[in-house]
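Let's take a friendly tour of a protein model together. Have a look at the sequence and the 3D view first, and then read on.

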Amino acid sequence: MATCPAGHDSGSSDFCDVCGMRIGAPAGVPLAVPPAAAPPDTAAEPCPRCGTARSGQFCEACGFDFDAGQAPGPERPDVGSGRHLRPATWTASDSGRHPGPATWAASDSGRARGPATWTAVVSADRAYYDMVIAAGGPDAGVVQFPGYCPERRFPLTGPQVRIGRHSASRGLQPEIDLSGPPTDPGVSRLHAVLIAEPDGSWAVLDPGSENGTLVNDSEIATGVRVPLRDGDHIHLGAWTVLTIQAVHPG
Amino acid sequence: MSQPGFTVDIYQNEYLTEGAREVNAVVTVTSPDTADFAPRGSQGSAEIIIVDCSGSMASPQTKIAQARAATAVAVDAIRDGVAFAVIAGTQTARHVFPEDGGLAIADPRTRGRAKRMVGRLRPGGGTAIGEWLRLAHQTFIRHPADLRHVILLTDGKNGEASRRLDDAIRLCEGVFSCDCRGVGTDWKVGELREISTALLGTVDIVPDPAGLAADFAAMMEAAMGKQVADVALRVWAPQHATIRFVKLVAPAVEDLTGRRRQAGPQAGDYPTGAWGAAESRDYHVCVEVRPAAVGQEMLAARVSLVVGSPSGPQVIGQGLVRAIWTDDEALSTRISSQVAHYTGQAELVQAVQEGLAARREGDVSTATAKLGRAVALAQQSGNEGTASRLAKIVDVVDAATGTVRLKKKVEDADEMALDTRSTKTVRTKK
């Protein structure tokens, strides 16, 4: 068993099984700077529930939350506003940041052009679903990834576009209705709102959904407008992703 | 290892500038070129041919005649010992051969009987492709086989609720692969593409029924050459990394990102279907990782070829996608020619499909812009197939700049050929 620079135990001796970092210095590349991430005390702490070596906030095997000191709770009935998927400390490390798409969105910004056509493309995201299930919220065990989910496109028009699930009893008909099928049970009735900004761009706001909303993999604060750019991903519920497209004419 | 390995070659620029997160690589997978590299499992292969016998197959009269002839050619190409059946499709599906509804073992006698039964097919009725797939599924699952393949021929669009077809596709996924052929111009490209994509096969147009026999022979030849089924591309990524996409990019573009099946805590399997000898395919893998400090090296993805075996999944080839952060711009700004080439091919596919969609909606300016961009990309990358099909839809004023005019009159068959074959790519010279 090898140990990587960040202190993970690794079955492979070339690169760490957990974080991928090179084990042992490769020829010609100086290894002067120690990695900033991964606090050393997380190295091999065993999971109090199943004994698996710790490799991050959540246990890779059973989903135990080391930081909160909690195991995922038992299944809970639907509370009406969407299944409860999030463990209590979901927001941990990344909250507040809003990284844009890494390399390809920056080049076009700032160029003076006509008003863009904005579209939200709704689809199912397997990797996100796996992450939600791995995080092990109370209802994670009962939510299935849809076998088939056609891509749906919603043009963004008017002052605002609501995202949610329609409710006859509450007279709620969101413009982006995720009632399905397939239904994402983690989406609240009124989950988030897309808001048109005066400059023609769009922002997203989560008014306080049960399970929260992620923009480019970072959870956004309740009640705060987060500006959107072409290519941004908005994740919500158990598997839903909205990809924002802003097409500039010409 | 009981099987000679697949070759996995990685093409990338592993050097990233400080803070960069996105790692791109082209993964070239090549199967061994020995004629029999993987001893076929004891259960052998099974093959079903589904022939559309709806009423529309009667017009023109030659259509059903050519379909019968093509099916007979395909039956002749089935090797001895392969289990096979022929199904006729209308608003329902029925077994043409063998009549008992099972699968027959191919030999000169059964092939002869099958051809006689096919010769009696008469058109009449509707088109319910979901029903056809269901019957193929029902027939296959009663008969153990290592490789299961369907050839589906239709000339019309599906007459059942799209939900019925979707359910049938989902039922068949992972059970058999399916190559679809549309004859004439009254079928829907999107419908057949949905089937062939989900069932890891091909889709193509046969505009003239006279071309069916050669096409069926080639398809059956390819099917009979498959040696190993259900090979998966397993992609391991570091903790906190996101796999942005995994795409087949040669011989054709097929996005596999949504087909992931979790394989352990940090890895996922993407289906590649069945492989014959000496096949080579390229995949584009894009991973977003947490940047490390300058000078550090990370394994951004471990890409393995995995095949099922009685003793569990077996790794038959592997390659490493690396990331090294550097402050040397001469290193980090180098562009991998393979990654750039396939990024361009993927953009070409998208430009063609969006251009055709805009053209159907009567949006002339978008159609002209997108198809013009496609002409320029096809020219730059040497994709002569797509370039020549584009030239039947637009008048090219200047290929280099993508200046085009939409043609006033376009044959339906030319538009459908451009659409169905738009995903075909050309490879770079390595």
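## Two chains at a glance

Chain B has 430 residues, and 49% of them count as buried; a residue is buried if 20 or more other C-beta atoms, placed from the backbone, lie within 10 Å of its own, exposed if 12 or fewer do, and partly exposed in between. This is a predicted model, in which local features need pLDDT of at least 70 and side-chain atom pairs count only at pLDDT 80 or more, while totals for chains, interfaces and linings use all residues. Residues are numbered from 1 along each chain as its sequence is written, and chains are lettered from A and ligands numbered from 1 in the order in which they are written.

Here are the two chains, with helices (H or I, at least four residues) and strands (E, at least two) taken as DSSP runs numbered from the N terminus.

| Chain | Secondary structure | Buried residues |
|---|---|---|
| Chain A | one helix and 13 strands | 33% of 250 residues |
| Chain B | eleven helices and 20 strands | 49% of 430 residues |

In chain B, 74% of the contacts between residues at least 6 apart join residues at least 24 apart. For chain A, residues 24 or more positions apart make up 54% of the contacts with a separation of 6 or more.

## A sheet in chain A

Chain A contains an open sheet of five strands in the order 6-5-7-8-11, with mixed pairing. Its edge strands, strand 6 (176–177) and strand 11 (226–227), each pair on one side only; two strands pair if DSSP finds at least two bridges between them. Strand 5 (residues 160–164) of chain A runs parallel to strand 6 of chain A, joined by two bridges. A:Gly164 has A:Asp177 in strand 6 of chain A as its bridge partner.

## Cores and a helix pair

Which residues touch the most other members of the largest nonpolar core? They are B:Ile87, B:Val285 and B:Val287, in a core of 144 residues. Such a core is a set of buried Ala, Val, Leu, Ile, Met, Phe, Trp, Tyr and Cys residues joined through C-beta atoms within 7 Å. A second, separate core has 22 residues, including A:Trp202 and A:Leu242.

Helix 1 (residues 61–76) and helix 2 (residues 108–119) of chain B pack at about 170°, their axes 9 Å apart. Helix 1 of chain B is therefore roughly antiparallel to helix 2 of chain B, a label for angles over 145 degrees. Axes are lines fitted to C-alpha atoms over the stretch in contact, and angles run from 0 to 180 degrees between N-to-C directions.

Definitions and conventions: Contact = placed C-beta atoms within 7 Å. Parallel < 35°, antiparallel > 145°, perpendicular 65-115°, else oblique.
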